[in-house]
Amino acid sequence: MKNIKEMYKTVVKDPFPSEMSLTLGDQVLKFVRRSWVIEGEEKGLRYGENPDQPAALYELVEGELELGGVKFRSPGAGLVSSLKEENIIQSGKHPGKINLTDVDNGINILQYLTRKPAAVILKHNNPCGAAWSDQGLEEALSKAYFADRIAAFGGAVVVNRPLPKECAEFMTKYYFEVVAAPAYEPGAIDVLKTKKNLRILEIPGLADLEKLVNTPFLDLKSLVDGGIIAQFSFRNKILSADDFIPASAEKDGQVVMARKPDSREMDDLIFAWAVEAGVTSNSVIFARDGQTVAIGTGEQDRVGCVELTIHKAYTKYADNLAFSEHGLSLYELKLKAKNDPEAAKALEDIQERTKAHKGGLPGSVMVSDGFFPFRDGVDVAIEQGITAIAQPGGSIRDFEVIQAVNQAEPQVAMVFTGQRSFKH
């Protein structure tokens, strides 16, 4: 049996054929297996989700699909699946499935954030942090990183503007596995190449992601019995403030309406709902000033998800204080504090400030990928200083949920999205 370290260094030989066809009624989609000549050797995916799983990447090259009068994305619109040798500027330990699916989910999020320079950092197919900024890509990247510095370790960075040298210099201070950009400005690649294992991808289509919006792709999910579930991909309906629905509900002849978010809150809700498209459900996101404050993923109950996301916000806030003031992660400082009185004093101070500032949550907005079945999740968020909420609506307790925001002091805003954003 191979040593696990050797497994990670080994490229798995895959047995997949060079072509694949998918027939839906009288419509046929043809795919070709993607491989690259790297260091004089033809290589496909390094491996699948785990080192002992062979995997292959296929690109749609022929065939059009239309279902129910809706046209799907066509050949020639490839992004990750269309990567050629010239797009893999540096292969590092050439990409495996997880590297590419992380980049792909970054693209999934960024397609809704095209009006500003934006960056998203992903791990395990979920965003660690995301941000957009009128100040430029460097500002967006820094905010995305410090939204969750701990989780970003070894992550994939995806941006929607040409990457400047300043961003490259920022990235080389930390450990990332992949960077993907539509292009690289002079000097950026030379800086990035100092990280020999970094996979540097150039995907020109990242500059034109607005073309993808509202055109679905065929989303396939394989079952353990060999079956397949096919669905239209999720399409975000909230692209501007006008797309939100006023939050109102009626009970026993009484109608309640929530406060409408102000312009700052609206901008953050639009941003957070875009990021939500790439988060595993059941989830909530806290965001402020175009930056995620905390992202809760994959929980079973909604109030529990809110509570855990609050805990993450406190942890990330304390970690940023520890890192900026002492050059240590929060956990390194905790370890040092066990035997160092000065470190213990510093840790206590950071914990007190984190509690006093509620983990940086006051003034944030919250989005939820599903409705609130009870008002408890809203009440918990309001206690942390959340000022506006966006959620699908449609719960039999919408009346109580709106009462919760209306009873808050100051009153919290709420809007409905009219769509759910589950991702399984």
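This is a predicted model: local features need pLDDT of at least 70, side-chain atom pairs count only at pLDDT 80 or more; totals for chains, interfaces and linings use all residues.

Reader: Is Asn108 buried or exposed?

Author: The cut-off needed here is that buried means under 20% relative accessible area. Asn108 has 16% relative accessibility, so it counts as buried. Lys316, in helix H7 (residues 302-326), can be read in this way too, because its relative accessible area is 13% and it is therefore buried. Not counting residues up to four places away in sequence, Lys316 touches Ala147, Asp148 and Ile150.

Reader: How should I read two helices that pack against each other, and what are the values for H7 and H9?

Author: Two packed helices are described by the angle between their axes and by the distance between those axes. In this model H7 and H9 pack at an angle of about 135 degrees, with their axes 9 Å apart, which means that H7 is oblique to H9. H7 passes H9 in a right-handed crossing. The contact is made on the H7 side by Tyr314, Tyr317, Ala318, Leu321, Ala322, Glu325 and His326, and on the H9 side by Ala346, Ile350, Arg353, Thr354 and Lys355. Sorted by class, the contact of H7 with H9 has seven nonpolar, two polar and three charged residues.

Reader: And how do the axes of H8 and H9 come together?

Author: Helix H8 (residues 330-337) and helix H9 (residues 341-356) have axes that come within 8 Å and cross at roughly 135 degrees, so H8 is oblique to H9. H8 passes H9 in a left-handed crossing. From H8 the contact uses Leu330, Leu333, Lys334, Lys336 and Ala337, while from H9 it uses Ala343, Ala344, Leu347, Ile350 and Gln351. By class, the contact of H8 with H9 has seven nonpolar, one polar and two charged residues.

Reader: In what order do the strands of the open sheet of three strands run?

Author: The order is S1-S2-S5, with antiparallel pairing. Its edge strands are strand S1 (19-24) and strand S5 (57-62), each of which pairs on one side only. Neighbouring strands of this sheet are turned by 35 degrees against each other on average, direction ignored. Strand S2 (residues 27-34) is joined to S5 by five bridges, and in S5 the bridge partner of Lys30 is Glu62.

Reader: Finally, what should I look for in the backbone itself?

Author: Most residues other than glycine have a negative phi, and most peptide bonds are trans. His124, in the loop between strand S9 (118-123) and strand S10 (126-132), has a positive phi near 55 degrees, and it is exposed, with a relative accessible area of 65%. Asn125, which lies in the loop between S9 and S10, has a positive phi near 65 degrees, and it is partly exposed at 26% relative accessible area.

Reader: Where do I find cis peptide bonds?

Author: The peptide bond from Ser281 to Asn282 is cis, with omega near -5 degrees, and Asn282 has its place in the loop between helix H6 (263-276) and strand S19 (284-288). A cis peptide bond also joins Glu409 and Pro410, where omega is about 0 degrees; Pro410 lies in the loop between helix H11 (398-407) and strand S23 (413-416).

How values were computed:
Residues are numbered from 1 along each chain as its sequence is written. Side-chain values use heavy atoms; hydrogens and water are left out. Axes are lines fitted to C-alpha atoms, for helices over the stretch in contact, and angles run from 0 to 180 degrees between N-to-C directions. Helices (H or I, at least four residues) and strands (E, at least two) are DSSP runs, numbered from the N terminus. Angles under 35 degrees count as roughly parallel, over 145 as roughly antiparallel, 65 to 115 as roughly perpendicular and the rest as oblique. A crossing is left-handed if the near helix is turned anticlockwise from the far one by less than a right angle, and right-handed if clockwise. Contact means heavy atoms within 4.5 Å. Ala, Val, Leu, Ile, Met, Phe, Trp, Tyr, Cys and Pro count as nonpolar, Asp, Glu, Lys and Arg as charged, and the others, Gly among them, as polar. Buried means under 20% relative accessible area, exposed over 50%, partly exposed in between (1.4 Å probe, protein chains only). Two strands pair if DSSP finds at least two bridges between them.
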